[in-house]
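User: I am new to this structure and would like to be walked through it one question at a time. Could you start from a single residue and then widen the view?

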Amino acid sequence: MEPVSKPSLDQLLADTEYVKKENWGKILAISKRQFDEWATRRLSEMGYADFKMVYMPVLMNIRPDGTNNNELAAHARVTKQAMSKVARELQEMGYIKAKTSPDDKRITIFSLTDRGKKLVIEARLCVKELMDLFRGELGKEELDRTMNTMLRIIDFMEREVNAKK
């Protein structure tokens with residue numbers, strides 16, 4: 001019996017070539033880039049040319065009654081340092097305001113300014129517009145099924161990541 005040789009790196013690379021086409025990460029990255037380009041263009045058309053999509057997770061996670069810095073970082077899924085930097089920039093641009101918590105001087109409460117409220121409303125309406133376009137292209141049932149499947153995948157990945165902590 002002849003010894004079985006291990007496949008070469010070149011052969012292993014060739015054998016995994018199909019993953020380029022069926023790559024979840026690539027699909028998500030392309031989709032995210034397309035969404036960001038679309039949203040940036042739409043927001044710019046509405047007068048928010050100074051707004052960057054990197055601000056969106058922080059801005060969209062501020063509750064109407066305000067959100068403290070720790071909760072905001074957790075909900076936006078960014079580090080406290082990154083959230084602080086984005087929050088400072090959003091304050092300078094007039095989208096949010098900050099005040100110290102009356103209960104704990106270490107905690108900052110962020111709330112939307114009128115300009116921030118208008119942006120959030122318009123951004124939400126833009127997303128609704130995009131979802132309506134998707135419904136027109138795919139049909140309501142297929143879009144609902146796709147959204148539900150993606151939410152299930154997100155939930156699954158959350159459990160996987162949390163199980164590893």
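User: Is Tyr95 buried or exposed?
Analyst: This is a predicted model, in which local features need pLDDT of at least 70 and side-chain atom pairs count only at pLDDT 80 or more, whereas totals for chains, interfaces and linings use all residues. Residues are numbered from 1 along each chain as its sequence is written, and side-chain values use heavy atoms, with hydrogens and water left out. Buried means under 20% relative accessible area, exposed over 50% and partly exposed in between, with a 1.4 Å probe and protein chains only. Since the relative accessible area of Tyr95 is 0%, Tyr95 is buried.

User: What kind of aromatic pair do Phe51 and Tyr95 form?
Analyst: Rings of Phe, Tyr and Trp (its six-membered ring) pair if their centres lie within 6.5 Å, and planes under 30 degrees apart count as stacked, over 60 as edge-to-face and the rest as tilted. The ring centres of Phe51 and Tyr95 are 5.5 Å apart with the planes at 80°, so this pair is edge-to-face.

User: How many residues apart are Phe51 and Tyr95, and which parts of the chain does the pair link?
Analyst: Helices (H or I, at least four residues) and strands (E, at least two) are DSSP runs, numbered from the N terminus. Phe51 lies in the loop between α2 and α3, while Tyr95 lies in the loop between α5 and β2. The pair therefore links distant parts of the chain, 44 residues apart.

User: Which residues is Thr113 in contact with, leaving aside its neighbours within four places in sequence?
Analyst: Thr113 is found in the loop between β3 (108-112) and α6 (114-138), and at 17% relative accessibility Thr113 counts as buried. Taking contact to mean heavy atoms within 4.5 Å, the residues that Thr113 touches are Gly94, Tyr95, Ile96 and Lys97.

User: What is the radius of gyration of the protein, and why is the protein called more spread out than a compact globule?
Analyst: The secondary structure comes to seven helices and three strands. The radius of gyration is taken over C-alpha atoms, and the globule rule is 2.2 Å times the number of residues to the power 0.38. For 165 residues that rule gives 15 Å, and the protein is more spread out than a compact globule because its value is well over this, at 22 Å.
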